[in-house]
Amino acid sequence: MAFVRMYQESDQEAMVHIFRETAAPDLRKAGDIVLHYSSFLWCRPYLMLQPETCFVLDDGDGRAVGYLLGVPNTPSFVQKYNEIYIPFLNSQGFEKPTADEPTGWDENLANALRQTMFDPEALLHRQYPQLMQHWPAHIHIDILSPYQRLGHGRRLIERFCRLAEETGTKGIHLGMVASNDDAGKFYARLGFSRFPFVLDDGVSGEQGRDRNTIWLVKALESQCAG
């Protein structure tokens, strides 16, 4: 029977596999190099910098089939990213795009990912200081399809929230693909709501929406149990 446990270093390969299998459709459609770059942005840094707050969904036989990558304090994570992870990226042959290279998401996705890799400050969303003031933790959660809709996502989030509350964290935020209605319903059941500010200069007219992403927030006063 599947259960939630702490991440172990031996899980790394399985975690990257889960990330690639559950990545957004545009990333998967773009091919292997984009998925490879993406894993160095939205998976590997958490395993390197914050392994003590990452959780695994174990299939009962020791194999990771889902995960939650969590950061109780995003500003602290960004500091470690700058000090430790960017030198690691350089050691792996990654370089920030030059000024004359196209970096728009619709122009050159691989370059856009490299640009984002070298801009961890973007995680702080300084133009909206309320996010770090009230919801400084953030998470990424992915589960292989055979293990979805079985309550494992709720258990992963509840486990992280208990840990985050113990550190004194006030709230949590996450980004969700705007078109993912099922995910939106899932997070709503856990008590998440939209970040209560318009993020796209009024283009969408929606709170919490930034282009194709919806930002959701939740106070950690009830272990995210809803």
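Reply: His152 lies in helix H8, residues 152–166. Helices here are DSSP runs of H or I with at least four residues, strands are E runs of at least two, and both are numbered from the N terminus. This is a predicted model, where local features need pLDDT of at least 70, side-chain atom pairs count only at pLDDT 80 or more, and totals for chains, interfaces and linings use all residues. Residues are numbered from 1 along each chain as its sequence is written, and side-chain values use heavy atoms, leaving out hydrogens and water.

His152 has a relative accessible area of 8%, so it is buried (under 20%; exposed is over 50%, partly exposed in between; 1.4 Å probe, protein chains only). Its side chain makes a polar contact of 3.0 Å with that of Arg155. Such a contact pairs N or O atoms within 3.5 Å; within protein, one must be able to donate a hydrogen and the other to accept it, and residues adjacent in sequence count only if both atoms are side-chain atoms. Beyond neighbours within four places in sequence, His152 is in contact with Ala2, Leu57, Ile143 and Tyr147 (heavy atoms within 4.5 Å).

Now Gly208. This residue sits in the loop between strand E6 (193–194) and strand E7 (209–210). Its relative accessible area is 0%, so Gly208 is buried. Again setting aside neighbours within four places, Gly208 is in contact with Phe195, Phe197, Leu199, Thr213, Ile214 and Trp215. Gln12 is 196 residues away along the chain, and the two C-alpha atoms are separated by 32 Å.
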